[in-house]
Amino acid sequence: DTFSALRSVRQARGNEGRLLRRLRAYLREESARLRRLSRFYEKVRALHQDPSASVDNPLLAFSLIKRLSSDWPSVVYSSEATENSRALHVGFQELQRELPGAEDLDGAARALMRLQDVYALSVKGMANGLFQPTSTDRPPLYSPGRRVSLSADDCFHVGKVAYDTGDFYHSIAWLEEAVSRFRLSYGSWNPEEERGSLEDALDYLAFSYFMAGNISHALTLSREFLHYGTWGSDVVPGSWGEVLECLYHLYMGLGQWGAEVGCPHSAWLKDTADPVVRALELRMAAITGLDLRPPYAEYLQVVNYGLGGHYEPHFDHATSRKSPLYRMKSGNRIATVMIYLSAVEAGGSTAFIYANFSVPVVKNAALFWWNLRRNGDGDGDTLHAGCPVLAGDKWVANKWIHEYGQEFRRPCSRDPRD
Ligand SMILES: O=C(O)CCC(=O)C(=O)O
Ligand SMILES: [Fe+2]
């Protein structure tokens, strides 16, 4: 999940810039090497095409013998190409530790699927670089400055991440898109490279339909797969292995869905951390009229949402006496102050599910609500969630205020409606 935060994505971009510079150096060296080889080739070829350059000439005989005994071996056995590619390898290895890995890629794929679900985006639209809701009468949720579309292989990867977790609903949508993109390019260029991928996508897609209960469509696709396929008898045991692997993921793997990636990262800031924190706390105390001195309130919590970052529906207050919240020995969380520290380009609203309203992310805006009624019971209407961030970097700060210390500021009542 290290790569979900937008700061890491920016760092990754910086690292790719470094890789680009190394590749440019490599290309420069290799081009120079090939230019030298070409010059040698042209020089020797010219001698061979010249009828007057006879070996009767002892000077030409000498240079022929020298070329064959010395120049040709050093051309053929030159280690220059190896050295150039070694420099490229070393340059890459130096950066590799900081580069995203397979888990980060899977996390980014899951973030795309989450955005697809929450904002009802069409997969075809997303693959074309558009954030268009499936009901096309609605305007796009976000129009990027530069439209980038996904390749067949990109869609295939997202589909495969879904497939691997037994999520056939998503695997079907993304593999359909991958297949239609592979079909478009099928036979048009580099058929050798494209072919295996179309077969793979069809295979995964057929199996997804099969698992989703659409057997007849699975069969149709399998026939197409057979048509493209050049495989031998090993495919039958291979398929069984896949069935078992898939069942395993279906029964064991679903719990892993949504773990880590897309979850926000947070830090706690004491008021002594910086005068800004102190000033902010004084302001919150003035606005709410509540006592925020420890232990009547928790330290300020700063949260950053990454790629497609979201927060599942929850209550801020404890709903069980066993909650670690009570360790502060200052009661439950009576109220929340939430400040939006950044704006986002799209998405990221805070949704109050039962109360049926949502608050957009507006930089420097603050929200206040009571989590508890005056009799100390939790208020069910405060169930809330952070919607996935569609585009942008979302930062919020939370101040959770506890019951103790507020006795005279927010008096109790026995009426459950208060
Ligand atoms: O970020 C949001 O919109 C909600 C955050 C939240 O509910 C929390 O941090 O407890
Ligand atoms: Fe919350």
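**Exercise 1. Work out how helix 4 and helix 6 pack against each other.**

Step 1: Locate the two helices. Helix 4 covers residues 102–118 and helix 6 covers residues 152–164; helices here are DSSP runs of H or I with at least four residues, strands are runs of E with at least two, and both are numbered from the N terminus.

A word on the model before going on: it is predicted, so local features need pLDDT of at least 70 and side-chain atom pairs count only at pLDDT 80 or more, while totals for chains, interfaces and linings use all residues. Residues are numbered from 1 along each chain as its sequence is written, and chains are lettered from A and ligands numbered from 1 in the order in which they are written.

Step 2: Read the geometry. The axes lie 9 Å apart at an angle of about 90 degrees, where axes are lines fitted to C-alpha atoms, for helices over the stretch in contact, and angles between N-to-C directions run from 0 to 180 degrees.

Step 3: Classify the angle. Helix 4 and helix 6 are therefore roughly perpendicular, a label for 65 to 115 degrees.

Step 4: List the contacts (C-beta atoms, placed from the backbone, within 7 Å). Asp106, Ala109, Arg110, Leu112 and Met113 of helix 4 meet His157, Val158, Val161 and Ala162 of helix 6.

**Exercise 2. Find which residues surround ligand 1.**

Step 1: Name the shell, using C-beta atoms, placed from the backbone, within 6 Å of the ligand. The residues are Val303, Tyr311, Asp316, Thr350, His384, Gly386, Val396 and Asn398.

Step 2: Strand 9 (384–386) and strand 11 (394–402) each supply at least two of the shell residues.

**Exercise 3. Decide whether Pro360 is buried, exposed or partly exposed.**

Step 1: Pro360 sits in the loop between strand 7 (357–359) and strand 8.

Step 2: Count neighbours. Pro360 is partly exposed because 14 C-beta neighbours lie inside 10 Å; with C-beta atoms placed from the backbone, 20 or more others within 10 Å means buried, 12 or fewer exposed, and in between partly exposed.

Conventions: Angles under 35 degrees count as roughly parallel, over 145 as roughly antiparallel, 65 to 115 as roughly perpendicular and the rest as oblique. Two residues are in contact if their C-beta atoms, placed from the backbone, lie within 7 Å.
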